[in-house]
Amino acid sequence: MAIQRLHTNHRMSQIVIHQNTVYLAGQVAADDDLAKDAAEQTRSTLQEIEKLLAEAGTDKTNILSVTIYLKDIDADFEAMNSVWDQWLPAGTAPARATVEAKLCEPEILVEMSVVAAL
(Lines give C-alpha, C1' and ligand atoms only; values in the text may rest on other atoms or scores of the structure.)
Protein backbone atom coordinates (compact mmCIF):
# COMPACT_ATOMS: atom_id res chain seq x y z
CA MET A 1 0.00 0.00 0.00
CA ALA A 2 1.35 3.41 -0.91
CA ILE A 3 1.75 6.08 1.75
CA GLN A 4 -1.13 8.57 1.63
CA ARG A 5 -0.48 12.11 2.82
CA LEU A 6 -3.24 14.65 3.38
CA HIS A 7 -2.91 18.37 4.08
CA THR A 8 0.79 18.33 3.24
CA ASN A 9 3.03 21.37 3.34
CA HIS A 10 6.81 21.68 3.14
CA ARG A 11 7.26 20.70 6.80
CA MET A 12 4.68 18.02 7.51
CA SER A 13 1.46 16.24 6.57
CA GLN A 14 -1.50 16.62 8.89
CA ILE A 15 -2.56 13.02 8.13
CA VAL A 16 -0.35 10.13 6.99
CA ILE A 17 -1.91 6.74 6.26
CA HIS A 18 0.20 3.62 5.74
CA GLN A 19 -0.60 -0.07 6.14
CA ASN A 20 -3.94 0.55 7.89
CA THR A 21 -2.39 2.95 10.38
CA VAL A 22 -3.19 6.65 10.61
CA TYR A 23 -0.66 9.12 11.95
CA LEU A 24 -1.79 12.63 12.85
CA ALA A 25 0.71 15.45 13.15
CA GLY A 26 0.76 17.41 16.39
CA GLN A 27 -2.62 19.06 16.79
CA VAL A 28 -3.48 22.18 18.75
CA ALA A 29 -6.66 24.08 19.52
CA ALA A 30 -8.45 26.10 16.88
CA ASP A 31 -7.23 29.69 16.68
CA ASP A 32 -10.36 30.98 18.44
CA ASP A 33 -9.60 28.81 21.48
CA LEU A 34 -5.93 29.65 22.01
CA ALA A 35 -6.72 32.41 24.49
CA LYS A 36 -8.64 29.97 26.71
CA ASP A 37 -7.45 27.72 29.54
CA ALA A 38 -6.03 24.21 29.29
CA ALA A 39 -9.43 22.50 29.55
CA GLU A 40 -10.89 24.56 26.69
CA GLN A 41 -7.75 24.13 24.60
CA THR A 42 -7.93 20.37 25.21
CA ARG A 43 -11.59 20.25 24.10
CA SER A 44 -10.78 22.21 20.97
CA THR A 45 -7.72 20.07 20.20
CA LEU A 46 -9.78 16.89 20.54
CA GLN A 47 -12.42 18.32 18.17
CA GLU A 48 -9.69 18.95 15.60
CA ILE A 49 -8.41 15.39 16.10
CA GLU A 50 -11.90 13.95 15.61
CA LYS A 51 -12.26 15.80 12.28
CA LEU A 52 -8.92 14.51 11.00
CA LEU A 53 -9.61 10.95 12.14
CA ALA A 54 -12.98 11.03 10.33
CA GLU A 55 -11.32 12.35 7.19
CA ALA A 56 -8.83 9.48 7.37
CA GLY A 57 -11.64 6.94 7.75
CA THR A 58 -11.36 6.09 11.44
CA ASP A 59 -12.44 7.46 14.83
CA LYS A 60 -11.33 7.94 18.43
CA THR A 61 -12.19 4.35 19.40
CA ASN A 62 -9.32 3.18 17.18
CA ILE A 63 -6.58 5.31 18.74
CA LEU A 64 -3.50 3.20 19.44
CA SER A 65 -1.38 5.85 21.12
CA VAL A 66 -1.34 9.55 21.77
CA THR A 67 1.48 11.75 22.92
CA ILE A 68 0.25 14.75 24.88
CA TYR A 69 2.50 17.75 25.29
CA LEU A 70 1.67 20.27 28.02
CA LYS A 71 3.29 23.65 28.39
CA ASP A 72 3.05 23.41 32.18
CA ILE A 73 2.40 19.87 33.38
CA ASP A 74 1.98 20.95 37.01
CA ALA A 75 -0.67 23.56 36.21
CA ASP A 76 -2.47 21.91 33.28
CA PHE A 77 -2.38 18.12 33.70
CA GLU A 78 -5.53 17.82 35.82
CA ALA A 79 -7.63 19.98 33.48
CA MET A 80 -6.37 18.20 30.36
CA ASN A 81 -6.83 14.75 31.87
CA SER A 82 -10.40 15.47 33.01
CA VAL A 83 -11.40 16.49 29.48
CA TRP A 84 -9.52 13.52 27.97
CA ASP A 85 -11.27 11.04 30.29
CA GLN A 86 -14.70 12.41 29.35
CA TRP A 87 -13.90 12.42 25.62
CA LEU A 88 -12.61 8.87 25.26
CA PRO A 89 -15.30 6.14 25.37
CA ALA A 90 -14.99 3.61 28.19
CA GLY A 91 -12.98 0.53 27.28
CA THR A 92 -11.06 2.18 24.41
CA ALA A 93 -8.11 3.70 26.26
CA PRO A 94 -4.90 3.65 24.20
CA ALA A 95 -1.38 3.40 25.48
CA ARG A 96 -0.43 7.05 25.97
CA ALA A 97 2.35 9.28 27.16
CA THR A 98 2.11 12.75 28.60
CA VAL A 99 5.20 14.88 28.15
CA GLU A 100 5.99 18.35 29.37
CA ALA A 101 7.29 20.45 26.50
CA LYS A 102 7.95 24.02 25.55
CA LEU A 103 5.50 24.66 22.76
CA CYS A 104 5.97 26.98 19.81
CA GLU A 105 3.58 29.76 20.91
CA PRO A 106 2.98 31.05 24.44
CA GLU A 107 -0.80 30.71 24.12
CA ILE A 108 -0.60 27.00 23.22
CA LEU A 109 -0.99 24.96 26.38
CA VAL A 110 -1.78 21.54 24.86
CA GLU A 111 -0.58 19.67 21.79
CA MET A 112 -1.41 16.07 20.84
CA SER A 113 0.03 13.67 18.29
CA VAL A 114 -2.08 10.57 17.50
CA VAL A 115 -1.59 7.10 16.00
CA ALA A 116 -4.78 5.16 15.16
CA ALA A 117 -5.85 2.05 13.31
CA LEU A 118 -8.13 2.21 10.29
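These notebook entries record what I looked up in this predicted model.

**Ground rules.** I number residues from 1 along each chain as its sequence is written, and for side-chain values I use heavy atoms, leaving out hydrogens and water. Since the model is predicted, I ask for a pLDDT of at least 70 for local features and count side-chain atom pairs only at pLDDT 80 or more, while totals for chains, interfaces and linings use all residues.

**Confidence.** I looked up the pLDDT, the predictor's confidence in each residue from 0 to 100, and found a chain average of 94, with 100% of the residues scoring at least 70.

**Sheet.** I counted two strands as paired if DSSP finds at least two bridges between them, and traced an open sheet of six strands in the order E1-E2-E3-E6-E4-E5, with mixed pairing. E1 (4-8) and E5 stand at the edges with a single partner strand each, so one side of each is left without a neighbour in the sheet.

I then followed E3 (residues 21-27), which is antiparallel to E2 over four bridges and pairs with E6 (residues 110-117), also in the antiparallel sense, over five bridges.

With axes as lines fitted to C-alpha atoms (for helices over the stretch in contact) and angles from 0 to 180 degrees between N-to-C directions, and contact as heavy atoms within 4.5 Å, I saw H1 lie across E1, E2 (13-18), E3, E4 (63-70) and E6, at about 30° to E6.

**Cores.** I took buried as under 20% relative accessible area, exposed as over 50% and partly exposed as in between (1.4 Å probe, protein chains only); a nonpolar core is a set of buried Ala, Val, Leu, Ile, Met, Phe, Trp, Tyr and Cys residues joined through side-chain atoms within 4.5 Å. The largest such core has 25 residues, and Leu24, Ile49, Ile68, Trp84 and Met112 have the most contacts inside it. H1 gives the most to this core, seven residues. E3 is mostly covered, with five of its seven residues buried.

Key: Helix = DSSP H or I, 4+ residues; strand = E, 2+ residues; numbered from the N terminus.
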